[in-house]
Every structure is written in C-alpha cells, then in structure tokens.
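Please read this report beside the sequence and the model. It covers confidence, fold, cross-links and charge pairs in turn.

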Amino acid sequence: MIPLALMLQVLYVVLWIKGNVLMLELVLKLFVFISMIVLLIGCDGSILLDTDGTQTEKDAPANVGAGGFDIVDDIKTALENVCPGVVSCADILALASEIGVVLAKGPSWQVLFGRKDSLTANRSGANSDIPSPFETLAVMIPQFTNKGMDLTDLVALSGAHTFGRARCGTFEQRLFNFNGSGNPDLTVDATFLQTLQGICPQGGNNGNTFTNLDISTPNDFDNDYFTNLQSNQGLLQTDQELFSTSGSATIAIVNRYAGSQTQFFDDFVSSMIKLGNISPLTGTNGQIRTDCKRVN
C-alpha cells in the first residue's frame with residue numbers, strides 16, 4: 001500500500017522549498033508531456049530517462065522548454081529514503097502536477113496511483129504525437145482525437161499555460177517572419193507584439209530569455225489565459241490557434257472558459273485525469289525505477 005500521507009508531505013515540502021512558480025509549471029509541463037506520450041506507449045515516465053545507448057525524449061523538438069527534471073530527482077530521492085521501491089516516477093509526476101496546480105491557486109483532484117515506469121524512451125513518439133509550440137490547429141486536433149481525446153480536452157489542457165514561462169525560441173517565429181511571409185503573425189495584438197519584440201529582438205542572443213505565458217496573472221492558475229486569447233495575446237502559436245482559427249469549434253470553448261473559471265477548472269480536472277490514465281503501465285509491465293533518469 002502506498003503511504004499517501006507520507007507522499008503528500010514529502011512532495012509538498014520539496015516543491016515548496018524548491019518551488020517558485022516556474023518550477024511548479026515545469027513539473028506540470030513534464031506531466032502533460034509524459035501523459036501525452038500515452039498517445040503511443042502510456043503515461044510511464046519515459047521523458048525522464050537520460051541517453052543510455054538510445055535517444056532521449058528530453059531534447060525532442062516537441063519537448064523544447066521542458067525542464068524541472070532535478071525537482072523530480074529530488075522528490076524521488078526523498079521518497080526512496082523512506083519507502084524504497086514503492087512509488088514510481090510516473091506517479092510522482094502525476095501527484096506533483098496536482099500539487100503544483102493547487103499551490104498556484106488552481107483546482108485539486110484525486111490522483112490515482114499504481115503506474116509503472118517504462119524501460120525505454122520513445123523519441124519517435126515525442127516527435128510525432130506531441131504538439132510542438134509551432135503547430136496549427138489542424139495538426140493538433142488529430143493528435144488528440146486519434147487517441148480518444150476531444151476538443152474540450154485540447155482546450156482545457158492548453159489552459160495549463162495560465163502560469164509559467166516560455167523561451168523566446170518557442171514563439172519568436174511569430175514576431176518577425178511568420179511562415180516565411182516577411183511579416184509578423186497577424187493574430188498577435190499590435191501592442192503585445194511590440195512588447196515581445198523588445199524581449200526577444202530579431203537576431204538577438206535569446207536562447208536563455210524567458211517571458212510569461214500569461215501576461216496578466218503569470219503566477220496564478222486561473223482563466224486569464226483564455227481572456228488573453230480573446231485579446232490576441234496568446235504567447236505560443238498553439239495557444240492563439242485555439243481562438244484565431246476561423247470557424248473552429250474551439251472558439252466557443254475558449255469563450256466559455258473565459259466567462260467561467262469554474263467551468264475551466266472542472267474540465268481541466270476531468271481532462272488531466274483522462275490524460276493521465278490512458279494505457280498506463282501496471283502490474284508486471286514496466287518497473288519502479290530507483291533513479292528516474294535510468295532503468296534499474
């Protein structure tokens with residue numbers, strides 16, 4: 001039996017000590033990344049594996065900006081010290097995500113346990129089945145619907161960008177020469193565009209420059225992300241596509257969440273539970289790693 005009270009205590013302490021909002025967002029992003037790998041092999045901690053004779057998922061194009069791996073390592077070490085071989089890395093990600101959202105003033109939900117960790121990484125799956133920051137809505141929708149997710153899941157899970165940061169490299173293609181047009185992305189608000197161009201100047205050394213995903217309440221988990229989309233102030237292309245793709249059913253969902261934080265929270269919780277429980281490794285499949293970076 002997993003000592004849930006102990007898990008919660010350890011996770012809260014580690015996340016609170018190390019956890020500014022960027023770190024919490026990184027852990028949530030990690031869980032969303034690893035959960036979306038279930039589109040091929042399940043929610044199994046594969047993104048945490050370092051290169052060991054095979055390619056890692058950590059530097060796959062779709063995982064650009066992923067981080068927080070050291071936090072997961074710290075949590076794993078703390079848990080192994082008190083209950084070795086009990087809690088998988090995949091379950092750590094699931095519970096840490098829920099705690100991160102709660103600490104950022106978002107909703108809570110019951111996390112189911114019992115996932116096992118994978119024995120291999122899935123670089124090809126990360127490349128093909130996880131949306132990169134540069135995708136159109138036409139590309140993103142099949143990545144969800146082909147695996148049993150729907151448009152509500154897509155929009156609700158995108159709302160995780162209500163807090164945290166993003167590197168210039170994940171959105172600067174929108175600022176100067178969008179799709180080779182020689183002009184910025186026309187769906188970016190003019191004032192917002194000028195601000196972003198100042199943060200990430202063309203030709204600048206922007207590799208380690210971050211800015212807020214949510215310009216209004218960057219440290220809170222709320223529905224301002226969706227009101228930003230209504231104002232053409234979504235940071236990533238994949239964000240703004242949800243509202244600016246003419247005729248898309250996602251527009252109505254964005255409007256609904258912008259008008260009701262309660263509705264967003266309810267749907268986000270449902271989508272996180274659904275995403276985290278698509279084909280997990282359980283029973284004799286996989287293992288409980290003692291070190292999240294490598295197989296036992």
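The sections below go from the whole chain to single residues.

## Model and conventions

This is a predicted model, in which local features need pLDDT of at least 70, side-chain atom pairs count only at pLDDT 80 or more, and totals for chains, interfaces and linings use all residues. Residues are numbered from 1 along each chain as its sequence is written, and side-chain values use heavy atoms, with hydrogens and water left out.

pLDDT is the predictor's confidence in each residue, on a scale from 0 to 100. Its mean over the protein chain is 80. A value of 70 or more is reached by 75% of the residues. Residues 31–42 stay under 50. The model still gives that stretch 51 contacts beyond four places in sequence, a contact being heavy atoms within 4.5 Å. Where pLDDT is low, the predicted coordinates should not be read in detail.

## Overall fold

The protein chain has 12 helices and 2 strands. Both are DSSP runs numbered from the N terminus: helices are H or I with at least four residues, strands are E with at least two. Read from the N terminus, the order is α-α-α-α-α-α-α-β-α-β-α-α-α-α.

Of the 296 residues in the protein chain, 55% are buried. Buried means under 20% relative accessible area, exposed means over 50%, and partly exposed lies in between (1.4 Å probe, protein chains only). The chain exposes about 12000 Å², and carbon and sulfur atoms supply 53% of that area. Areas come from the Shrake-Rupley method with a 1.4 Å probe; for residues, only the protein chains shown count as cover. Take the contacts between residues at least 6 apart in sequence: 74% of them join residues at least 24 apart.

## Disulfides

How many disulfides does the structure hold? There are 2, each a pair of cysteine sulfur atoms within 2.5 Å. With bonded cysteines counted along the chain, the pattern is 1-4, 2-3.

Cys89 bonds to Cys292, with the sulfur atoms 2.1 Å apart. This pair links distant parts of the chain. Cys89 sits in helix H4 (residues 89–103), and Cys292 in the segment after H12, 203 residues away. The S-S torsion of Cys89 and Cys292 is about -100°, so this disulfide is left-handed. Both Cys89 and Cys292 are buried.

Cys168 bonds to Cys200, with the sulfur atoms 1.9 Å apart. Cys168 lies in the loop between strand S1 (165–167) and helix H8 (190–199), and Cys200 in the loop between H8 and strand S2 (210–212), so the bond ties together parts that are 32 residues apart in sequence. The torsion about the S-S bond of Cys168 and Cys200 is about -75°, so this disulfide is left-handed. Cys168 is buried at 0% relative accessibility. Cys200 is buried too, with a relative accessible area of 0%. Another cysteine, Cys83, is buried at 8%.

## Salt bridges

Side chains of opposite charge can pair when their charged atoms come close. A salt bridge here is a side-chain nitrogen of Lys or Arg within 4 Å of a carboxyl oxygen of Asp or Glu. The count comes to 8.

One of them joins Lys105 and Asp220, at 3.6 Å from N to O. The two residues are 115 apart: Lys105 is in the loop between H4 and helix H5 (123–129), Asp220 in the loop between S2 and helix H9 (224–230). Lys105 is exposed, at 61% relative accessible area. Asp220 is partly exposed, at 22%. Another salt bridge pairs Asp291 with Arg294, at 2.5 Å from N to O. Salt bridges with shared partners join Asp73, Asp291, Lys293 and Arg294 into one network. Arg294 is partly exposed, with a relative accessible area of 40%.

Which residue forms a salt bridge with Asp153? The partner is Lys274, with the closest N and O atoms 2.8 Å apart. Asp153 is in helix H7 (residues 151–158) and Lys274 in helix H12, 121 residues apart. Asp153 is buried at 5% relative accessible area, whereas Lys274 is partly exposed at 32%.

Ser271 also belongs to helix H12 (residues 261–276). Is Ser271 buried or exposed? Ser271 is buried, with a relative accessible area of 1%. Beyond four places in sequence, Ser271 touches Met149, Thr152, Asp153, Ala156 and Leu157.
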